[in-house]
Amino acid sequence: METFNNPKPVLHLLLLPCLLLYSSIAFSSSVEAAMHTNNWAVLVCTSRFWFNYRHMANTLSLYRTVKRLGIPDERIILMLADDMACNTRNKYPAQVFNNENHRLNLYGDNVEVDYRGYEVTVENFLRVLTGRHETAVPRSKRLLSDEGSHILLYMTGHGGDEFLKFQDSEELQSHDLADAVKQMKEKHRFKELLIMVDTCQAATLFNQLQSPGVLAIGSSMKGENSYSHHLDSDVGVSVVDRFTYYTLAFFERLNIYDNASLSSLFSSYNPSWLMSTAYYRKGVYKRSLEEVPVTTFFGSVMETIHTDAAYKALSRRNSGKFEAQTSLDQSVHHSERRTPVKVNDRDETHNINPEGQEGASKCPWSTFCNKFLKAENVDSLVNYGLVAMVPFLMISMWLVR
Amino acid sequence: MEKLKKKLGSFSFWNWVIASIIFRLILIYFPKNLNLSSRPEVSTPLTSFRRLAEGYWLKQSSMSPYAGSMYHGSPLLLSLLGPLTLKRIEGQPNHLLYSLVSVIADVVSAMLIRSTGQSLQLAYFRSLESLDLVKQIEGSEVHSSGDVAALVYLCNPFTIVACVGLSTSPIENMAVILCLYGACSRLIPLAAFGWVIATHLSLYPAILIIPVIFLLGCGPDSPPRKLFLQRQQQKGVLNQAKLPPGFSWGPIIHFAFWALVWSVYVLVLCGISLKQFGGLWEMFKSTYGFILTVEDLSPNIGVLWYFFAEVFEFFRNFFLIVFHVNILFIILPLAIRLHHRPCYLAFVYVAICSMLKSYPSVGDSALYLGLLGWFVNELSDMQFSLFLFCGYVGVSLLSPVMHNLWIWRGTGNANFYFATAMVYACLQIVLVVEGVSAMLNHDRKLRSLITGKPQDSKS
């Protein structure tokens with residue numbers, strides 16, 4: 001994503017060997033694929049009407065889990081097709097429960113819904129996945145993932161053989177989904193993708209998926225229905241589906257530091273409890289499921305570094321170095337030590353030094369440009385230029401007199 | 001109008017200025033700026049301060065300030081006003097610093113209007129002297145046009161609302177007035193600076209280059225050259241020195257040089273500022289491209305949004321050309337007819353632009369209503385002045401009501417709001433037409449005074 005808008009073609013030719021040189025020096029591990037740098041979650045509830053309360057409760061439960069395990073709101077796209085919390089038939093206004101014990105209010109203080117009501121359409125869903133939006137769509141509604149992202153895509157609602165029903169009026173078909181995922185792969189919009197679908201005959205929805213790095217799990221196979229878990233007689237409707245209920249049961253036992261693997265998640269689904277067969281499809285997913293922790297998709301293992309300075313986009317190559325994929329305990333201490341900040345400075349100078357060294361011998365003007373037009377200097381230069389306008393004006397007026 | 005003139009006599013100029021500043025400060029301290037910044041009449045996609053804050057935040061997060069089609073202004077404004085969006089002082093209203101900046105901009109504009117008006121009036125009297133008409137004019141009331149114009153600009157409710165309502169109109173207006181002031185006072189670098197900055201901030205002041213060329217070439221407003229020749233013929237004297245100077249190209253070339261210097265300076269600064277976000281092309285696409293292609297169709301007090309909301313895609317480009325050429329076609333005939341009165345030409349151009357621009361707001365009207373004050377003496381016989389005054393008051397009261405009915409209560413629809421916008425456009429058209437005919441009548445009156453022929457009352 002870092003484009004070098006340099007007008008001098010000479011420098012373009014110089015950059016390539018310099019970058020190759022740098023990458024071969026700086027990296028001991030293989031660098032053919034990008035490192036995992038961020039996590040995104042796209043949670044979609046496609047059903048309207050009060051009796052589909054459980055689909056919204058499913059999605060909000062996943063939303064809560066995913067937030068609890070560390071994915072922030074900026075990285076979550078929540079699409080809810082109807083408003084159950086403020087529905088006139090809701091006996092508990094502004095509250096959504098996923099269990100009849102009403103222990104958890106899922107619609108708490110910090111629920112950020114990105115696509116609501118009639119905005120949840122197949123077109124908008126595909127636009128979110130492929131990233132083709134109108135110019136005026138705000139950033140909070142875009143999936144701004146890149147080649148280092150792990151994306152969790154969770155869809156729930158009513159579905160059938162190779163389709164998923166949206167808003168009771170249109171359908172998303174399996175080949176639409178496969179096409180969108182293929183486009184995402186070509187545009188490097190994800191590193192790994194986990195699709196989780198909780199509808200009837202869910203496994204048929206990813207029959208056409210062929211892209212590498214995509215894992216998919218559905219709550220039932222072709223010809224099977226997915227059932228709701230229990231009816232809440234107080235609220236008056238079923239409040240959660242079985243597949244999501246057992247998924248949540250698995251996650252409620254975890255916290256952010258746990259190391260449970262995806263295979264343990266997938267094997268926790270008992271067909272007799274689900275009353276359907278949860279089928280997962282590995283496809284061209286390279287890693288073994290025992291090695292992949294669930295937090296790869298459901299949580300966010302990035303450490304946060306608190307700083308009051310203005311955020312400048314860091315180079316992605318080195319920020320992945322400090323991802324603690326093996327022991328998550330160290331991640332807390334890393335942030336306190338603030339070593340990544342120093343490394344990133346080094347990274348920026350490393351970026352510029354090779355060009356500088358090569359450039360000095362060939363093009364002194366380009367080194368001058370690069371030295372004075374680094375990111376931090378640009379703003380101060382513009383400010384000086386603006387301030388200098390006034391005395392320049394005065395001097396010019398005095399000269400002309 | 002009569003009452004205002006009497007009151008001006010009793011209450012001195014500076015008292016009015018201080019009163020208007022205090023009034024603005026009082027309004028600033030009302031909670032949430034009286035919600036003026038959310039009114040579509042006040043803040044448009046181009047002038048909204050909230051969008052500037054968003055653009056600044058985007059820039060600080062290393063993203064292009066034009067991302068998401070929120071901010072459409074100059075990157076220099078971002079560097080200048082951006083930090084003001086973040087500073088919050090305890091216990092003070094939110095954007096106090098920016099409001100103070102716009103108050104200062106208004107006061108500076110008023111002072112510049114005043115001094116330009118004074119130099120215009122001096123030029124007027126000098127030309128009357130050389131035409132030997134001073135005695136005839138002395139009988140009627142002559143007002144200090146500079147003072148009147150400055151006070152009209154400061155105390156105009158439109159200006160106050162634009163200032164308090166957190167829009168960037170006060171700064172754009174200041175640039176335009178700086179340009180006209182520089183041109184009238186023969187300060188060519190200042191005129192070039194004002195013109196370049198005004199064009200950079202919003203595209204339309206570019207057409208002010210024509211009045212500026214006339215101002216620098218011929219000098220400030222004066223009666224037609226023919227009258228001087230006729231007067232001298234009558235007297236039998238041909239005194240070349242008493243004639244107003246003919247058109248001189250020297251200052252124009254000087255102006256072109258300084259305009260080039262300032263343009264290069266501004267463009268280089270913008271290019272540096274947007275280097276990693278797509279450079280100057282991105283800036284032109286998001287600022288001038290946005291203005292010319294009318295991308296945003298949210299309602300405002302202009303007439304383009306309604307039209308472009310219903311035009312078919314196939315004809316959109318055609319109608320874009322029609323609307324923009326509408327302004328361009330008016331430039332040449334007016335320039336030919338009013339070339340001897342460049343400041344008035346500038347006023348007419350500003351009025352036409354603020355009527356036909358893509359996203360007009362009341363801040364633009366504030367500008368030309370202030371400039372109208374320069375010509376109180378020449379336009380004293382303007383017809384329909386009461387009608388226009390009542391019309392403006394009526395539209396400014398009804399337009400928020402119709403907006404409320406349409407958007408908040410849902411009992412009206414877009415036609416209600418567009419009706420007030422159309423009435424507003426009609427009022428501006430009447431103002432421009434009557435103003436131009438009153439000015440031409442004034443010239444005819446002068447000619448009849450010289451030749452002694454009975455004058456026509458209407459063209």
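Chain B folds into 21 helices and zero strands, where helices (H or I, at least four residues) and strands (E, at least two) are DSSP runs. This is a predicted model, in which local features need pLDDT of at least 70, side-chain atom pairs count only at pLDDT 80 or more, and totals for chains, interfaces and linings use all residues. Residues are numbered from 1 along each chain as its sequence is written, and side-chain values use heavy atoms, with hydrogens and water left out.

**Overall form**

- The radius of gyration of chain B is 23 Å, close to the 23 Å from the globule rule for 459 residues, so chain B is as compact as a globular protein of that length; the radius is taken over C-alpha atoms, and the rule is 2.2 Å times the number of residues to the power 0.38.
- Along its principal axes, the C-alpha trace of chain B spans about 75 × 50 × 50 Å.

**Interior**

- Of the 459 residues of chain B, 56% count as buried, that is, under 20% relative accessible area (1.4 Å probe, protein chains only).
- Among contacts in chain B with a separation of 6 or more, 75% join residues 24 or more positions apart, a contact being heavy atoms within 4.5 Å.

**Meeting with chain A**

- On the chain B side 26 residues are in contact with 25 residues of chain A.
- About 2400 Å² is buried between the two chains, and carbon and sulfur atoms give 72% of this area, which is the accessible area (1.4 Å probe) that two parts lose on being put together, summed over both.
- Within chain B, Tyr265(B), Ile272(B) and Lys275(B) lose the most area to chain A, together 20% of what that side buries.

How values were computed:
Chains are lettered from A and ligands numbered from 1 in the order in which they are written. Buried means under 20% relative accessible area, exposed over 50%, partly exposed in between (1.4 Å probe, protein chains only).
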